[in-house]
Amino acid sequence: MLRELGLGFFFLAVIPLLVSRLVYIAFDFDPLLDHRAVNSPLFLIAFVLLVAFLTIALRRIFSSPLHYMLPTKRPCEVLVATEEETDNSDISSSSFPKKNRIVAGTADSTVKSDETTGRSFNNNNSGNTGEGVSAMALGESNPPDIDEDLHSRQLAVYGRETMRRLFGSSVLVSGMQGLGVEIAKNLILAGVKSVTLHDEGIVELWDLSSNFVFSESDVGKNRAASSVIKLQELNNAVIVQSLTTQLTKEHLSNFQAVVFTDISLEKACEFNDYCRSHQPPIAFIKSEVRGLFGSVFCDFGPEFTVVDVDGEEPHSGIIASISNDNPALVSCVDDERLEFQDGDLVVFSEIHGMKELNDGKPRRIKNARAYSFTLEEDTTSYGMYEKGGIVTQVKQSKVLTFKSLREALTDPGDFLLSDFSKFDRPPLLHLAFQALDKFISELGRFPVAGSEDDAQKLISVASEINDNTSDGKLEDINPKLLRNFAFGARAVLNPMAAMFGGIVGQEVVKACSGKFHPLFQFFYFDSVESLPSEPVDPDDFRPVNGRHDAQISVFGQKLQKKLEDAKVFVVGSGALGCEFLKNLALMGVSCGSQGKLTITDDDVIEKSNLSRQFLFRDWNIGQAKSTVAASAASSINPSFNIEALQNRVGTETENVFNDTFWENLNVVINALDNVNARLYVDQRCLYFQKPLLESGTLGAKCNTQMVIPHLTENYGASRDPPEKQAPMCTVHSFPHNIDHCLTWARSEFEGLLEKTPAEVNAYLSNPIEYTSSMRNAGDAQARDNLERVLECLDRDKCETFEDCITWARLKFEDYFVNRLKQLIYTFPEDAATSTGAPFWSAPKRFPHPLQFSASDLGHLNFVLAASILRAESFGIQIPDWAKNSRKVAEAVDRVIVPDFEPKKDVKIVTDEKATSLSTASIDDAAVINDLIIKLERCRANLPPEFRMKPIQFEKDDDTNYHMDVIAGLANMRARNYSIPEVDKLKAKFIAGRIIPAIATSTAMATGLVCLELYKVLDGGHKVEDYRNTFANLALPLFSMAEPVPPKIVKHQDMNWTVWDRWIVGDNPTLRELLDWLKAKGLNAYSISCGSCLLYNSMFPKHKERMDKKVADLGRDVAKLDIPSYRRHLDVVVACEDDEDNDIDIPQISIYFR
């Protein structure tokens, strides 16, 4: 930037003087002073030169700052030139604006690439950073800094290096129907440098069922030009512009990746050949969505290097032993299973004894087991293994050789499968898409929906192509499938566009970064199971001149009416919720007179949401998610009948989401981010027998699960095993990885800055009640609470910022020096266990106390951040000199640190099963009384209004010093134990428990769910028609399977599942309920309501209740407070059959009104 400004001012100041002097010397007059100059032709020459140089100067000066400005709001005025407003002059004459300039205009000309676009990736093995890569064009080498607040969840998936490469990449998306806009949306949210939208066609009413940026006012306008403004709003740091004239090969040279969604095979082959021959090669992607069928083809050039094939962190293990053998056997501790595979490369470090392996050289392994592997190396002459050692996987790059589209059409190789029940489907769809291309080229149009003649024509074309195929000829071309293909060929369905938009968007990211394995090379998919279960009359496919005509051409008007009249409950309005609302609005769900969609979310919008929750804008930060999302969805489809609530779904809101609410629903769609909420909604759907469409994402992975009454198992029927937690003693005294350090750091943060101030306030607000509760508890926990409160109000009370610095400096000494000295004193390096084994054996790491130094920025920054938060909790103003590191260091150096002497009687917990570090004492009660007396003395010296400010951890505000303290605590502790440190961003991911998230996997998951929604609302589909999906876009892997049916319980001639609920009406007595069950061959011996027992056959007094109403027993015995809106109560009955076998029967609902 300085170079640009310097050159600009040079031209501006110096050139006019030089021109003037040259004229003066040559012609003996001063053109700036002498009036004769204006009559001379030489003056005109000088004037032209002057104007030219001034133009250059001003451009240098004023374009340079624009390159570095980071806009936060969308532009107030955006000019979009249409084809009619532009000429067809040489398109290579203009260039793209710089990265951060806001441009939302038409690019009618070829865009010059930056000088650095030819830069190649370096090939290395750097784990999950994504460094290294292929000879693909990458855009500018010095893109702007990453906004970590905005992109934190995406950074957790990609890493900084991949994000920087994205920021330097320019992408062309050609074809702005539903698929094109979905791809563009995902790329803009990801933050590429620029996205150019190309389309020569105009918006039709037909397009409104798949493109969320179009409205009826756009009909008749150019598709690309009409898309720019709304897409630009998604991310103002991305240049979004349109190209509305005919695309030529020369246009493509300005992009790192080009995507075509509506192009003939002939033209696609021509463009693909050019992309392959370009240096460096341009990534080429062709994708289509035709009704319920879709395809993707990728060609990233003759040679493409994938640096990180899966995006996973390198696996590691803690070594327990290494044999002196050929080959050597390496055993690891059983703390965690090894995730190595045969053929992996690994490196060793920190080994004592066999130091020859510490050379950093990658070594190949084989015979990988859960806790051991064989090293392909002769270690017989190496030193004897003593102790310690870490083995870490080395991520290996992979070089791929892509075929051209022209070659791959005749020799496609292996197709990427998604559904093994359709093993033979990809070759057939490969043929179908070629047949459609030929049909269109011959007739100049798509097949007409419902036209048997057009369907037969397409089938004939497919048969002809198949007959002319020498290799890979199909025995059966499946005319029924091709008929369905022909009927919906013109339509771009929103769920399909959302799914393929996620897949293709991810492929573009791979092409621009080398991160993750590309799709190689064809992928075909269909969802014909989504078609109505009953045959559709051909007349039902006819358009009605409405915005949903495209969808009607596939499903017919009857299913469209069911969609419009559906009553839907969407739970959650985050990333998944935004995508769902967009999809549902475009599909016309709940847009009819009888339809209604209810969405609820109790959260508000934060900056970090904006990178994937695309219905929100920066000016919505702080507003309710559900309200903003509902408003945005209504702008997509004004007929959308949507109600937004801000209630959390749970037992506490059953008065809002009451029985009537649930009973009136047609379907529930979960868009949640936690398991407990999912389980609650699952139980509600199970109880009211409502379909539940479940989905979730984790980075590049996503899954969907269909929960259909009486057809599938419910969500809670199978659960993932609980996440393994590190033992408390490991976290507090014997950490061996950075996760342990960060877990400890967050625990200390919450204890020091949130829980202890809250305890202080609880005591000061009601001293009598607080001290009484502590006396009644009388345990180690109560003693610890009182000690912390007393420390805050007495020894560690802060009144000035200098006091806070003293506190922070002494905390450093306590945490990272004194505690370690005590630990080493209690367990010296040569300590042994009760069995005689070395105490400090793997996975334990022997610690080393730190020596504080104000010149160490890590030390000083921790003390400063801790001081600031301590001051905040005491309401102390931060002085200006706190921003001066030299003055802070001087203040820290003035702190007097007392000497520390280890104690002999200190007990350090080493039991991995221990749940508390507090040790009980026989004199706890006496200590508690003493502490309370001291507290009362302290309180007498405090102002009556004195309170502390508890600080709740907030990870997404980098200005609040929370992560500075936590990262400082964790990294200093890591130094103690010789554990590699992490930067603040990585610390935020772990300590903040941030769930990695990207827009592409979210879009794919919601698209898949909405394909299932067609089946649910149509009704009549069998379990084999539904699909559960697990996908990993990084690999890529798509695995679809039928849902698991529910477990069936049989008794006599009856059977039931978890979906069944028995209903007994007419407000029965207990005797009548028992007789009702007896008639079914069931002998009830126990009836409970909630946690209370209403009846047990072994209790004689319970027989007195036989003639009482069950509802009255619920009120009188179980003390149920039955709300007025509820008409029944539920009881659980334990039964036996006549042979005394226990029978697990459904829950019984007793209706009393």
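**Entry 1: Asp419 and Arg1027**

I began with a pair of charged side chains in this predicted model. Asp419 and Arg1027 form a salt bridge, and their closest N and O atoms sit 2.7 Å apart. I then looked up where the two residues lie, and the pair turned out to link distant parts of the chain, 608 residues apart. Asp419 is in the loop between helix H8 (405–410) and helix H9 (425–443). Arg1027 is in the loop between helix H29 (999–1018) and strand S22 (1028–1032).

Next I asked myself: is Asp419 buried or exposed? Asp419 is buried, because its relative accessible area is 6% and the cut-off for buried is under 20%. Arg1027 also counts as buried, at 9% relative accessibility.

**Entry 2: Asp659 and Arg1126**

I moved on to another salt bridge, the one between Asp659 and Arg1126, with 3.0 Å between the closest N and O atoms. Asp659 belongs to helix H17 (residues 659–663), while Arg1126 is in the loop between helix H31 (1110–1116) and strand S29 (1128–1136), so this pair ties together parts 467 residues apart in sequence. Asp659 is buried at 5%, and Arg1126 is buried with a relative accessible area of 18%.

I also noted a network: salt bridges with shared partners join Asp419, Lys422, Arg425, Asp526, Glu529 and Arg1027. My pair from the opening entry, Asp419 and Arg1027, is part of that network.

**Entry 3: Glu270 and Lys267**

The side chains of Glu270 and Lys267 meet in a salt bridge, at 3.6 Å from N to O. Both residues lie in helix H7 (residues 265–277), and I found them three residues apart, about one turn of the helix.

A reminder to myself: side chains of opposite charge can pair when their charged atoms come close.

**Entry 4: the whole chain**

Last, I stepped back to the totals. I wrote down 70 salt bridges for the structure. The protein chain has 31 helices and 31 strands. It runs to 1153 residues, of which 55% count as buried. For contacts between residues at least 6 apart in sequence, I noted that 73% join residues at least 24 apart. The chain exposes about 51,000 Å², and carbon and sulfur atoms supply 50% of that area.

Technical notes
Residues numbered from 1 in each chain as written. Predicted model: local features only at pLDDT ≥ 70, side-chain atom pairs only at ≥ 80, totals over all residues. Heavy atoms only, no water. Helix = DSSP H or I, 4+ residues; strand = E, 2+ residues; numbered from the N terminus. Buried < 20%, exposed > 50% of the residue type's maximum accessible area, 1.4 Å probe, protein only. Contact = heavy atoms within 4.5 Å. Areas by Shrake-Rupley, 256 points an atom, 1.4 Å probe, with all protein chains shown as cover. Salt bridge = Lys/Arg side-chain N within 4 Å of Asp/Glu carboxyl O.
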